[in-house]
Number of protein chains: 2
Amino acid sequence: MDEKVAAKPDQAAIASPRRSPSQQRSRERVERMLAAASALIAEQGSDAMRMGEVAERAGVSIGSLYQFFPDKRAIVWALAERYTAESQACIAAALKDVGDAEGLRRAFSELVDIYYRLFLAEPVMRDIWSGTQADKALRELELADSRANAEFLVAVLKRLRPAADPVQLETTAFLVWQMGEAAMRLAISVDREEGGRLVEAYKRMALRELVGE
Amino acid sequence: MDEKVAAKPDQAAIASPRRSPSQQRSRERVERMLAAASALIAEQGSDAMRMGEVAERAGVSIGSLYQFFPDKRAIVWALAERYTAESQACIAAALKDVGDAEGLRRAFSELVDIYYRLFLAEPVMRDIWSGTQADKALRELELADSRANAEFLVAVLKRLRPAADPVQLETTAFLVWQMGEAAMRLAISVDREEGGRLVEAYKRMALRELVGE
DNA sequence: TCAGAATGTGAGGGTTTATCACATTTGCAA
DNA sequence: TTGCAAATGTGATAAACCCTCACATTCTGA
């Protein structure tokens, strides 16, 4: 959060703050902007979020908004970035001390439950990752995030199955992870009961792949 | 295509033709509109598609566009509907005569390959299903399509495993199918080699779930 | 032939994103 | 304290879009 992202103005300044807030005052205002955006997304979805409304609700002018965010997508991107950082820490912690198959089984199952609850509780997260496919930058972020998360799984798998082909493990972990996100999106868009069944079915499927029968 | 959908003006006339073309002339023009839209989506994505551009490329006026499509989303929806109809027929045919586990294995594997090639070759299909999550109506269409396709799988599974819990089979098939679409989207957004590995990994995973070890 | 339905047109209304010239506040060195 | 450059703040306005509507043209069936 502290580094000046503007240091690399080349490579398409996609969604990087136009100017990073250096004074206390502006840092607080940027927080208010993000909070306002978050609330609006929760209410109506990121597509329906209007820049003018964000500004008004944050108590700033339109101009101020664009002082720190190059465009509308950048706001969504900033929120998405926070979620990924948060969840990566959570995942790393959950998988860190897994030593055997049974441990992986427990840790993975718990992780999926946490994610499911998170998706159910956080309309913003749900909405952001939904629009993901349409937005190049968001898609990249999600893929990078997914790969990073898969790495944690790969590390565990390498410990459990040292003889296995690393490329194979990599592929499996990446796929399992990505499918998990798909399963979550699916689960929250059907009724609660079916959603629960789908999540359990995903767990079974994924674990069968990860730790064998 | 022939029924007047306008008969039910209530319940949100989402994406239904404002007026169905009854004369030969207009039917041809609507085709041109859809073709133009398809080309533009292939080039830049449905989000970047401009109504003015569609009209121009189809050689019609903006007004004519809105004569047959209530709004922009309706055009995308119409294209999506065609793809789903087409692919459902394809799936039904592929799974129709499956009689044993080995047959399912072969049919499913082939089906996945076909889908993968389709996703690689059809940028429109890819784009449409990508934006799916953001658009309520499209999301519904995709879910309905997915359920319908899963039904074909369920029919086969019931034949192969008559003793299994129907609800369980339903859940499994739905999940497997939905994950397949996620796997496809993932596979086409990484390089070709990794994409191939991911598709194969998905096949293995899905078949393990469908026909057992 | 002719009335009414179907179809075709494009300027313009309304909405939204994003810019920019200018005003105000802050940090800091003299 | 004072003065100045950098940081920050503002909102009218340009620009890009989607979509409507009043009116023109073409078709169909009696």
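**Entry 1: the model.** I am working from a predicted model.

**Entry 2: H5 and H9 of chain A.** I looked up helix H5 (residues 101-121) and helix H9 (residues 192-211) of chain A. Their axes come within 10 Å and cross at roughly 150°. Angles over 145 degrees count as roughly antiparallel, so H5(A) runs roughly antiparallel to H9(A). I noted the crossing as right-handed. Next I listed the residues that make the contact. H5(A) brings A:Ala101, A:Leu104, A:Arg105, A:Phe108, A:Ser109, A:Val112 and A:Tyr116. H9(A) brings A:Val199, A:Tyr202, A:Lys203, A:Ala206, A:Leu207, A:Leu210 and A:Val211. I sorted the residues of this contact by class: 11 are nonpolar, one is polar and two are charged.

**Entry 3: around DNA strand D.** I found 24 residues around DNA strand D. A:Ser61, A:Gly63, B:Tyr66, B:Asp71 and B:Lys72 come nearest. From chain A, helix H1 (24-44) and helix H3 (62-68) each give two or more residues to this surface. H3(A) gives the most, with four residues.

**Entry 4: chain B against chain A.** I turned to the contact between the chains, which takes 24 residues from chain B and 24 residues from chain A. On the chain B side, helices H6 (123-131), H7 (136-160), H8 (166-188) and H9 (192-211) each supply at least two residues. H8(B) has the largest share, nine residues. I sorted the chain B side into 11 nonpolar, seven polar and six charged residues.

Technical notes
Residues are numbered from 1 along each chain as its sequence is written. Chains are lettered from A and ligands numbered from 1 in the order in which they are written. This is a predicted model: local features need pLDDT of at least 70, side-chain atom pairs count only at pLDDT 80 or more; totals for chains, interfaces and linings use all residues. Axes are lines fitted to C-alpha atoms, for helices over the stretch in contact, and angles run from 0 to 180 degrees between N-to-C directions. Angles under 35 degrees count as roughly parallel, over 145 as roughly antiparallel, 65 to 115 as roughly perpendicular and the rest as oblique. A crossing is left-handed if the near helix is turned anticlockwise from the far one by less than a right angle, and right-handed if clockwise. Two residues are in contact if their C-beta atoms, placed from the backbone, lie within 7 Å. Ala, Val, Leu, Ile, Met, Phe, Trp, Tyr, Cys and Pro count as nonpolar, Asp, Glu, Lys and Arg as charged, and the others, Gly among them, as polar. A residue is near a molecule or strand if its C-beta atom, placed from the backbone, lies within 6 Å of it.
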